[in-house]
Amino acid sequence: VGGGAGGGPAPRKMISDIESEGLGFKEKPDYFSLRCTVVYVNTEKTWQYPSNPENKRKVTEEGGAWRDEKTGQIMDKCERRFIFSASFADLTGPKFLTVFDDDAKKIFGMNADSMYDLSLQDDTKFQQTFKSVLFKEMILKVRAKSETYQEETRVKCSVVSAAPVNYRDEGRLMLENIRKYGIA
């Protein structure tokens, strides 16, 4: 139950398995893959942050320049990076997952700087870009780890890799699973 390290193979699970198998409650995180559909992207909260292009840390704007709080470095330009919560669903139900920059680029087909520029130039196209990914089928590798905040423990799930569904590979996987039951 659960997967190996972040780079290793990840067993295929259903969203309901996260709760039913207690994924994420061990000492180490669980890694698994999901075949699921994007059903909601939260744009009400922050969906991006300005970062230092060298170290990816958050920067703040000060008088037309950007300052890295950790290093004190001042730069003329920042790089925007995605970070947002999205709901993904399979036939067993929905689950909110945190999506970070590299995988968000794969989902949207553009970087956060381009998306931010679009938000400033044309709000209708910006909103349409978020809507365009809804109902897109994806194969996600997910990391599940429990966190305790204000004496409440919950499992936080985040995407560690995302790819569109390869229907040829999925067909082969289904055939392998059917053969395991001696049907084909």
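This is a predicted model: local features need pLDDT of at least 70, side-chain atom pairs count only at pLDDT 80 or more; totals for chains, interfaces and linings use all residues.
Close-up 1. Although Lys-56 is not a glycine, its phi is positive, at about 70°.

**Close-up 2. Glu-151, an exposed residue with a positive phi.** Here the view moves to the loop between β9 (137-149) and β10 (152-164), where Glu-151 lies. The relative accessible area of Glu-151 is 83%, so this residue counts as exposed, the cut-off being over 50%. Glu-151 is not a glycine, yet it has a positive phi of about 65°.

Close-up 3. Strands β4 and β5 (residues 65-68) run antiparallel and are joined by four bridges.

**Close-up 4. Helix α3 and its buried face.** Start with Ala-112, Met-115 and Leu-118, which are buried in helix α3 (residues 112-121). Viewed down the axis of α3, the buried residues fall within an arc of 120°, so they line one face of the helix. What do the buried residues of α3 pack against? Their partners are β3, β7 (79-90), α2 (101-108) and α4 (123-132). Leu-120 and Gln-121, on the other side of α3, are exposed.

**Close-up 5. The start of α3.** This view turns to Asn-111 and Asp-113 at the start of α3. A side-chain oxygen of Asn-111 reaches to within 3.2 Å of the backbone nitrogen of Asp-113.

**Close-up 6. The salt bridge of Lys-13 and Glu-21.** The closest N and O atoms of this salt bridge between Lys-13 and Glu-21 are 2.7 Å apart. Is Lys-13 buried or exposed? Lys-13 has a relative accessible area of 10%, so it counts as buried, the cut-off being under 20%. Glu-21, at 32% relative accessibility, is partly exposed.

**Close-up 7. The salt bridge of Arg-81 and Glu-79.** The side chains of Arg-81 and Glu-79 meet here, with an N to O distance of 3.7 Å. Arg-81 is buried, its relative accessible area being 10%, whereas Glu-79 is partly exposed at 29%.

Close-up 8. Arg-172 and Asp-169 form a salt bridge through their side chains, at 3.7 Å from N to O. How are these two residues placed along helix α5 (residues 167-180)? Arg-172 and Asp-169 are three residues apart in the helix, and so are separated by about one helical turn. Asp-169 is partly exposed, with a relative accessibility of 40%.

**Close-up 9. A network of salt bridges.** To finish, find Arg-12, Arg-35, Glu-137 and Glu-170, which are linked in a network of salt bridges.

Terms used
Residues are numbered from 1 along each chain as its sequence is written. Side-chain values use heavy atoms; hydrogens and water are left out. A salt bridge is a side-chain nitrogen of Lys or Arg within 4 Å of a carboxyl oxygen of Asp or Glu. Buried means under 20% relative accessible area, exposed over 50%, partly exposed in between (1.4 Å probe, protein chains only). Two strands pair if DSSP finds at least two bridges between them. The arc is that of the directions from the helix axis to the C-beta atoms. Contact means heavy atoms within 4.5 Å. A polar contact is a pair of N or O atoms within 3.5 Å; within protein, one must be able to donate a hydrogen and the other to accept it, and residues adjacent in sequence count only if both atoms are side-chain atoms.
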